[in-house]
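The walk starts with a sheet and then turns to the helices.

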Amino acid sequence: MRTPLLELRGVSKELPSGGRTLRILDAIDLSIAAGEFAAILGPSGSGKSTLLGLMAGLDRPTRGEVLLEGEAIHRMTEDELALLRRRKVGFVFQSYQLLSNLTARENVLLPLELTGQAGAGARATELLAAVGLGERGHHYPSQLSGGEQQRVALARAFGTRPPLLLADEPTGNLDSATGASILDALVRLRSESGTTLVLVTHDPAVAALADRRVHLRDGRIERDETAS
Ligand SMILES: Nc1ncnc2c1ncn2[C@@H]1O[C@H](COP(=O)(O)OP(=O)(O)O)[C@@H](O)[C@H]1O
Ligand SMILES: [Mg+2]
């Protein structure tokens, strides 16, 4: 069997809370294969964002192991994690998280330049065009609508061709028509690039596009449906 792209083994996340321990994730075992598109579903507070943060190396488990391309990211130093995120993980957040003092194009360029990619300028141009913002590269985030900002965030996330793309309710702040167009762009970019995608969503129509639906409840995997 091939090594999974991402593997979580016995992952728990606990936080101290008023003298007690709050268990946010409880003994999660989950393997994501290279190229897979997995949707994470579950009620608010079930641990979806915490799970994505652990997959991205933005957070550490209390117990258990997180392996990305076979590397034990739960044991990495902060510097190693920062490098890993830059090279291997694209992240799309509900709140876009663009740098407000950079233009759309500069936001897309930054990770390309930080990773020393040849042809960064041409790649940024290509990506902005791919998300329908070829003419808007010189605009600052405050001059763009929410949907446009999220398109920039998509272009940024795919720029370095990361093996893993994580998206946490990327349409949560958008009206349904705009959200649908963002998801179209996300699904198209991912199928063109072959990137592994883990997407948190509340939308059953979006989840239906995924190869797999992982349902969380109270920090546990309640159901894991793989399309066969
Ligand atoms: N830093 C934190 N401090 C205290 N509680 C937290 C923290 N992060 C998450 N939680 C709690 O953990 C639970 C899961 O949170 P989260 O992963 O954000 O869920 P979801 O994304 O599914 O809504 C929630 O009850 C939330 O309040
Ligand atoms: Mg969340």
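In this predicted model, six strands make up an open sheet with mixed pairing. Read across the sheet, their order is β6-β7-β8-β3-β9-β10. Strands of a sheet pair through backbone hydrogen bonds, either parallel or antiparallel. The edges are formed by β6 (89-92) and β10 (220-226), each of which pairs on one side only. On average, neighbouring strands of this sheet are turned by 15° against each other, direction ignored.

One pairing can be followed down to single residues. Strand β9 (residues 212-217) runs antiparallel to β10, and six bridges join the two. Leu216 faces Ile221, which is in β10.

Helix α1 (residues 48-55) lies across β3 (37-41), β7 (164-168), β8 (196-200) and β9, and its direction is at about 155° to β8. Helix α5 (residues 146-159) lies across β6 and β7, running at about 170° to β6.

Helices also meet each other. Two packed helices are described by the angle between their axes and the distance between the axes. For helix α3 (residues 104-114) and helix α4 (residues 120-130), the axes come within 9 Å and cross at roughly 130°. The crossing of α3 with α4 is right-handed.

Which residues in α3 and α4 meet? From α3 they are Ala104, Arg105, Val108, Leu109, Leu112 and Glu113, and from α4 they are Ala120, Arg123, Ala124, Leu127 and Leu128. Of the residues in this contact of α3 with α4, eight are nonpolar, three are charged and none is polar.

Technical notes: Residues are numbered from 1 along each chain as its sequence is written. Chains are lettered from A and ligands numbered from 1 in the order in which they are written. This is a predicted model: local features need pLDDT of at least 70, side-chain atom pairs count only at pLDDT 80 or more; totals for chains, interfaces and linings use all residues. Two strands pair if DSSP finds at least two bridges between them. Helices (H or I, at least four residues) and strands (E, at least two) are DSSP runs, numbered from the N terminus. Axes are lines fitted to C-alpha atoms, for helices over the stretch in contact, and angles run from 0 to 180 degrees between N-to-C directions. Two residues are in contact if their C-beta atoms, placed from the backbone, lie within 7 Å. A crossing is left-handed if the near helix is turned anticlockwise from the far one by less than a right angle, and right-handed if clockwise. Ala, Val, Leu, Ile, Met, Phe, Trp, Tyr, Cys and Pro count as nonpolar, Asp, Glu, Lys and Arg as charged, and the others, Gly among them, as polar.
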